[in-house]
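Here's a short walk through one model, feature by feature. Have the viewer open as you read.

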Amino acid sequence: MFIDQARINVKAGDGGHGSIAFRREKFIPYGGPAGGDGGKGGDIWVEASASLITLRDFRYQRHYKADRGSHGEGSKRTGRSGEDLVIRVPVGTQIRDAETGDIIADMVEDGQRALVASGGRGGRGNARFATPTDRAPRRAEDGALGEEKTLHLELKLLADVGLVGLPNAGKSSFLARVSHAAPKIADYPFTTLSPNLGLVEPSGYLRPFVLADIPGLIEGAHAGAGLGLQFLRHIERTRVLLYIVDASADDEGGPLEALTTVRSEVGLHNEDLLTRPALVLLNKIDLPDAREQARSLAAELERRGYEVYAVSAATGEGIDAVVMRTAELLAGSAGPGLNVSRMESTNG
C-alpha cells in the first residue's frame, strides 16, 4: 500500500541528573565535593533514504523515544550520554511541526539528515557548585527534559515531469511506453491507485529524467473527489507537466473540456503549477476518427497558446518527439512550451 502521509510523536532523551557525592579516601578527611554531571539525552534525527518509497512503516509505529542520559556518579564521573535515535524516511519527505505547521526539514537528498528533537542537557553535579565560601555544597541539578514534538510527515515524490489527465486517458500506457515502469493497465477508469515513477532515457546527448504518473483527476479533485487530492502533491516538485487527453473521446465537451477540467483542478490545488512549462498530448490517434479529430483539436489548442503533440501510447507513434521535447525543456535549451504547435506524429 502506498502511504504518503503520517503523523508521529517523537521524544528526545532527558538529561541525567547531577550527583551529590564527596571524596572519601583514607587520610583525606576533607576530600570535598565529587559529584559528577549527568549525561546528555539522546537527540532524534531524521535521515532520507533512497531505499524507502513510502511512509508505510509509520502506520504501525508512531511513537519514537531516544535514550535518556545516565545520572552523574561520584569521583566526578559524568554520566553516559543517551544514544541518538535516527528515523529513516523516503527521499522527498517534508517534515512539519504538527502544532504550528512550520516546516522543520525538506528531505530532498539521499543521506540528508535533520535534527527534529534535541536531547536534554545533563544536570551539574555538586562538584560544580563548590566556592570558597561553600566548600561542601549539597545540591545538584536535575537533567533537562528532552524535546517532545508531534510531526506531520508528507511524502512528495521527486520527479522531473508530471503526467496528468482524466481517468482512462492513457497515462499508464504512456509511462509504460517511455520507461521501464510496469504500471497496471486496463480498459476501465482508475486503474492507477497510487503514483508510479519511471526513468525516461532520451536518445542522444540529453539527460534522463524521472516521470511521475498520478491517478486520474476528475472534476472536484482539489476538494477531495476521486483520488486526485490525495496525490496531486506528487507533481508539486516537477518542472514540466504533460497533459494527456483522449483524442478519441466523443462525449459531451470532448477533449477540450477534458483539458479544461484537468488544468482547472491542478490550478485549484496549486496555482503555481499552471505557470510551469507544459505539453498537451492528444493520445489514442490509432483509434478510428481520432487522428482527424486530433488535427482539428491541435488548431484550436494552438490558438489558445499550447504546444501540442498527437501520439499513440499503444503503438508508439509520436512518442519519441514528446520525449525529446520534454528533455529539451528540462535542459533549458528551449522555450517555455507555449505558443508552439507541433504535429510531427500526424504528418503522413
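F174, R177 and V178 in α1 meet I319, V322 and V323 in α5, where contact means heavy atoms within 4.5 Å. Helix α1 covers residues 171-178 and α5 covers residues 319-331; they pack at an angle of about 80°, with axes 11 Å apart. That makes α1 roughly perpendicular to α5, a label used for 65 to 115 degrees. Axes here are lines fitted to C-alpha atoms, for helices over the stretch in contact, and angles run from 0 to 180 degrees between N-to-C directions.

## Where this comes from

This is a predicted model, in which local features need pLDDT of at least 70 and side-chain atom pairs count only at pLDDT 80 or more, while totals for chains, interfaces and linings use all residues. Residues are numbered from 1 along each chain as its sequence is written, and side-chain values use heavy atoms, with hydrogens and water left out. Helices (H or I, at least four residues) and strands (E, at least two) are DSSP runs, numbered from the N terminus.

## Helix α4 and its two sides

Take α4 next: A290, A294, L297, A298 and L301 are buried, meaning under 20% relative accessible area with a 1.4 Å probe, protein chains only. Looking down the axis of α4, the buried residues fall within an arc of 110°, so they line one face of the helix; the arc is taken from the directions from the axis to the C-beta atoms. Their cover includes α3 (254-269), β13 (278-283) and β14 (308-310).

Just past the helix, G305 has a positive phi of about 100°.

## A three-stranded sheet

There's also an open sheet of 3 strands, ordered β4-β2-β7, with mixed pairing. β4 (85-90) and β7 (113-117) sit at the edges with a single partner strand each, so one side of each has no neighbour in the sheet. Pairing requires at least two DSSP bridges between the strands; β2 and β4 run parallel over 6 bridges. S49 has P90 in β4 as its bridge partner.

## A glycine tucked into a loop

Finally, G36 lies in the loop between β1 (5-11) and β2 (44-49). G36 is buried, at a relative accessible area of 2%. Beyond its neighbours within four places in sequence, G36 is in contact with G18, S19, G72, E73, K76, R77 and G125. The C-alpha atom of G36 is also 8.2 Å from that of H71, 35 residues apart along the chain.

Technical notes. Buried < 20%, exposed > 50% of the residue type's maximum accessible area, 1.4 Å probe, protein only. Parallel < 35°, antiparallel > 145°, perpendicular 65-115°, else oblique.
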